[in-house]
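Here is a brisk report on one structure.

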Amino acid sequence: MFESTMMNMPLTIDILIQRAQTVSSHVEVVSRQADRSLHRSTYGKVAERALQLSRALLAGGIKKGDRIATLMWNHSSHLEAYLGIPMAGAVIHTLNLRLHPDEIAYIAEDAKDRWLLIDEVLLPLFDAFKGKYPFEKVIVVDSTKALTEGRVDYEALLKAAPKDTPLPELKETDALGSCYTSGTTGRPKGVVYSHRSTLLHSVVSALPDSLQLSFTDCLMAVVPMFHVNAWGLPYTALLVGAKQVLPGPFLDPTSLLDLMEEEKVTVAAGVPTIWMGMREALDAKPRNLKARMVVGGSAAPEQLIRDFDRHGLELIHAWGMTETSPIGLVAKLSPEAKGKSLDEQYHMRAKQGLPPPFVQVRVCNDSGEVPNDGKTSGEIQIRAPWVTQSYASNDSKDRWTKDGYFRTGDIATRCPLGYVQINDRIADLIKSGGEWIASQQLENALMGHPAVREAAVIGVPHEKWSERPLAAIVLKPDMKASADELRAFIAPQFANLWLPDAFVYLDTIPRTSAGKFKKTELREMFKDWKWEK
Ligand code: AMP
């Protein structure tokens with residue numbers, strides 16, 4: 001026998017706590033509070049308070065595997081919960097405050113959450129569903145007013161926590177956190193992350209060819225901490241010791257840009273909608289910024305990448321899902337891609353990209369894996385140590401292939417350099433006269449027009465063709481573009497059959513809680529559309 005002599009050190013959250021208490025104890029955590037003032041803390045203090053929270057949970061009878069819900073914006077107390085709940089052996093379940101109150105209650109019930117940590121500013125939201133699910137304890141964070149009967153002040157809870165309660169031993173396969181899918185098809189489903197999956201995901205997210213985070217960085221996660229754990233970035237920043245700026249409840253572009261300037265943010269992360277608003281603010285009043293801007297959650301139009309470059313901001317396009325923790329693809333330029341023309345480089349950066357280490361991605365159709373020809377499309381299937389192998393409820397088993405890959409429901413092609421490009425969600429493809437039309441490709445092309453702020457394309461029932469594409473357009477302020485002009489603008493890129501037959505102009509496009517186009521609602525709005533004969 002010649003066995004490995006390496007230490008068998010479990011990959012658990014205490015690795016992050018230990019680092020926060022030592023090497024990076026001085027690193028700042030800056031949070032914007034509900035009154036817009038800035039609260040300054042350090043990793044050392046956050047870790048200390050997180051451990052007080054762990055002891056308070058244990059003293060209150062929380063047991064290994066129990067779920068503790070949070071209903072909070074991005075700020076340092078939420079970061080404390082990210083660490084303190086799993087350090088107690090419990091599971092942090094981040095509830096999405098943008099959902100309908102009934103939906104929040106459904107998700108809390110499904111997860112059987114025991115306690116709730118909630119921002120004081122969100123109590124009115126809680127009031128709208130509190131009768132529907134009985135949390136055992138409600139702990140109010142940043143409370144400024146007297147609390148009603150049965151509610152506990154977070155600071156008082158931390159203060160009263162015993163100092164010597166031993167913390168449980170953690171296994172790397174223990175559950176650490178849970179998020180629910182957005183449920184655009186069917187009810188939301190629970191995904192449960194482990195300590196190991198979270199730690200490995202953090203290491204790989206930090207790599208230079210992934211989201212590239214180092215202790216020289218200052219990260220501002222605009223993506224909410226209740227959306228796939230802000231893409232795991234708070235953990236990644238803790239791992240490497242990067243400063244964190246947490247913007248609190250205010251997501252308007254101007255104040256975010258102010259924060260970036262004041263706190264010298266070098267990496268920010270958010271969905272395309274937020275960055276589109278930022279582009280308008282920057283076009284109106286350019287600033288001297290230099291940062292990397294991670295974008296994902298839905299497709300980043302190529303034009304957005306080009307426009308941000310003009311402002312010194314490098315958009316890094318990434319793809320992922322709740323089920324994939326979320327990092328699955330990142331569109332950094334490989335040496336081969338860097339050898340291409342500037343236009344081609346922009347095309348590559350607008351694709352969803354290449355899988356980082358540990359991630360195995362394949363694109364498959366009925367004939368098997370598609371060739372890397374940039375043309376043949378199939379569904380993305382994925383396997384990685386941070387991809388879920390089931391839902392908490394154990395249903396929808398058909399989402400996994402026999403050989404253990406997760407079927408994403410995203411339709412894509414792969415180019416000769418290996419970059420994956422999503423054309424559409426399976427559910428959003430438009431079936432017209434027997435041909436499939438990819439709505440996302442049309443949207444991206446339309447959003448390349450200088451007058452178009454947003455474009456969402458849906459299939460609308462048609463007597464002859466079964467469905468035809470209709471484009472819902474939001475124009476930039478004081479700009480115009482007629483249907484003929486838009487059709488002519490994208491015509492060179494598509495077959496005639498693909499071009500939308502109708503263009504409607506809206507003030508906004510309905511969105512999901514994660515800022516994605518809510519196609520189900522758009523389809524409902526236009527289901528009785530009368531096509532011209
Ligand atoms: P969620 O689990 O709510 O985060 O949604 C995951 C879905 O969002 C994916 O399956 C994709 O359809 C979509 N998505 C996420 N990132 C991107 C991206 N960069 N480009 C296109 N679609 C994306």
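Which helix lies across β8 and β9? Helix α7 (residues 195-206) lies across β8 (175-180) and β9, running at about 75° to β9. Helices and strands here are DSSP runs numbered from the N terminus: helices are H or I with at least four residues, strands are E with at least two. Axes are lines fitted to C-alpha atoms, for helices over the stretch in contact, and angles run from 0 to 180 degrees between N-to-C directions. Contact means heavy atoms within 4.5 Å.

The model is predicted: local features need pLDDT of at least 70, side-chain atom pairs count only at pLDDT 80 or more, and totals for chains, interfaces and linings use all residues. Residues are numbered from 1 along each chain as its sequence is written, and side-chain values use heavy atoms, with hydrogens and water left out.

## Sheets and hairpin

β8 and β9 belong to an open sheet of seven strands with mixed pairing. The strand order is β7-β6-β5-β3-β4-β8-β9. Its edge strands, β7 (151-153) and β9 (190-194), each pair on one side only. Two strands pair if DSSP finds at least two bridges between them. Direction ignored, neighbouring strands of this sheet are turned by 25° against each other on average. Within the sheet, β3 and β5 pair in the parallel sense. There, A69 has L116 in β5 as its bridge partner.

A second open sheet has three strands, in the order β23-β24-β25, again with mixed pairing. Its edges are β23 (452-462) and β25 (502-505), each pairing on one side only. The twist averages 25° from one strand to the next. β23 and β24 are antiparallel partners, and H462 bridges to S466 in β24. Two helices lie across β23, β24 and β25. Helix α15 (residues 439-446) runs at about 150° to β23. Helix α16 (residues 483-490) runs at about 120° to β25.

β19 and β20 form a hairpin with five residues between them. In the turn, G418 has a positive phi of about 90°. R414 has V420 in β20 as its bridge partner.

| Pair | Residues | Sense | Bridges |
|---|---|---|---|
| β3 and β5 | 67-71 and 115-119 | parallel | four |
| β19 and β20 | 406-414 and 420-425 | antiparallel | five |
| β23 and β24 | 452-462 and 466-475 | antiparallel | ten |

## Rings and charges

How many aromatic pairs are there? The count comes to eleven. Rings of Phe, Tyr and Trp (its six-membered ring) pair if their centres lie within 6.5 Å; planes under 30 degrees apart count as stacked, over 60 as edge-to-face and the rest as tilted. F126 and F135 form a tilted pair, 6.2 Å centre to centre with 50° between the planes. Both residues are buried. Buried means under 20% relative accessible area, exposed over 50%, and partly exposed in between (1.4 Å probe, protein chains only).

W400 counts as buried because its relative accessibility is 13%. F406 is buried, with a relative accessible area of 0%.

Two charges sit over rings. That requires NZ of Lys or CZ of Arg within 6 Å of the ring centre and within 35 degrees of the ring normal. The charged end of R36 sits over the ring of F250, 3.9 Å from its centre. K189 lies over the face of Y391, 5.2 Å from the ring centre.

## Cysteines

A disulfide is a pair of cysteine sulfur atoms within 2.5 Å. By this rule the count is zero. C364 is in no disulfide; its nearest cysteine sulfur, that of C415, is 17 Å away. C364 is buried, with a relative accessible area of 14%. C179 also counts as buried, at 2% relative accessibility.

Most residues other than glycine have a negative phi, and most peptide bonds are trans. The peptide bond from S325 to P326 is cis, with omega near 15°. P326 is found in the loop between β14 (313-320) and β15 (327-330).

W231 is not a glycine, yet has a positive phi of about 60°. W231 lies in helix α8 (residues 228-231) and is buried at 10% relative accessibility. S396 also has a positive phi, near 55°. S396 is in the loop between β18 (378-383) and β19. At 23% relative accessibility, S396 counts as partly exposed.
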